[in-house]
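Thank you all for coming; I would like to take a few minutes to walk through one structure with you. Please have a look at it first.

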Amino acid sequence: MTDLFEPLPESAATRRKENTRTRLVRASLDVFVEKGIDGATVDDLVTAAGFTRGAFYSNFSTKEEVFSELFASVTEELLGIMRTAVEEAMSLHAEAGDDRVMVAVFEAIRPFGRQWYLLYSDAISRSLRDEELRGRLAVQRERLRDEIGDLLMRGITMTGERPLLAPEDLAQLLVGIFVDLMLREQMDGRDVTELAATTILGTLRAFVVRQEQTDTP
């Protein structure tokens, strides 16, 4: 399994208070992936990070707070991965279209599919039951959606096309496709490379058209 976070450097500085919070959050990744919010305990979190309960409660009040911060950190990591993937796709293909851009985005986040799917689905299901958590996680979901929308529009505008849906709505549709593809890969143990390209291309061709097709005389 590919990890979303690079290991923190081991030094005396990493034990200082300003790094304790970061270490607790990063160490919580595997705990929440394997046990979920409801299954994880504070003891699980401090054991994974190598701290005491006192260190935990000097930084967080609840495990839900840790999960919220983890989800924000994971979202930022994924956004960075996506941006890099798009830049690489465009440097290799001067006229990379929206379909090539979105396939590149999917392929970039695919190695983290199991981790991200479990965190994302846990965040959604828990948010439906917890109004406070819902508000915090909604911010990260919107960041992910809007960033994908921006990346998508870079590919669309380069080829003289335009979306039939608002960019954020088309991006949300693509997020749903990404989630489904990663679920299929994890559940069925199948290679979804060809399916991803076909599905993403088909969706974009249905909702993206040439500029002249939407111009009015």
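Predicted model: local features only at pLDDT ≥ 70, side-chain atom pairs only at ≥ 80, totals over all residues.

Residues are numbered from 1 along each chain as its sequence is written, and side-chain values use heavy atoms, with hydrogens and water left out.

The chain has 10 helices and two strands, where helices (H or I, at least four residues) and strands (E, at least two) are DSSP runs numbered from the N terminus. Of its 217 residues, 42% are buried, meaning under 20% relative accessible area with a 1.4 Å probe, counting protein chains only.

Now to the pair: helix 5 (residues 98–109) and helix 9 (residues 193–207) pack at an angle of about 140 degrees, with their axes 9 Å apart; the axes are lines fitted to C-alpha atoms over the stretch in contact, and angles run from 0 to 180 degrees between N-to-C directions. That makes helix 5 oblique to helix 9, since angles under 35 degrees count as roughly parallel, over 145 as roughly antiparallel, 65 to 115 as roughly perpendicular and the rest as oblique. Among the residues of helix 5 that meet helix 9 are M102, V103 and F106, and on the helix 9 side they include I200, L201 and L204, with contact meaning heavy atoms within 4.5 Å.

Finally, S68 lies in helix 4 (residues 63–92). Is S68 buried or exposed? S68 is buried, with a relative accessible area of 9%, and, leaving aside neighbours within four places in sequence, S68 is in contact with L133, R136 and L137.

Key: Buried < 20%, exposed > 50% of the residue type's maximum accessible area, 1.4 Å probe, protein only.
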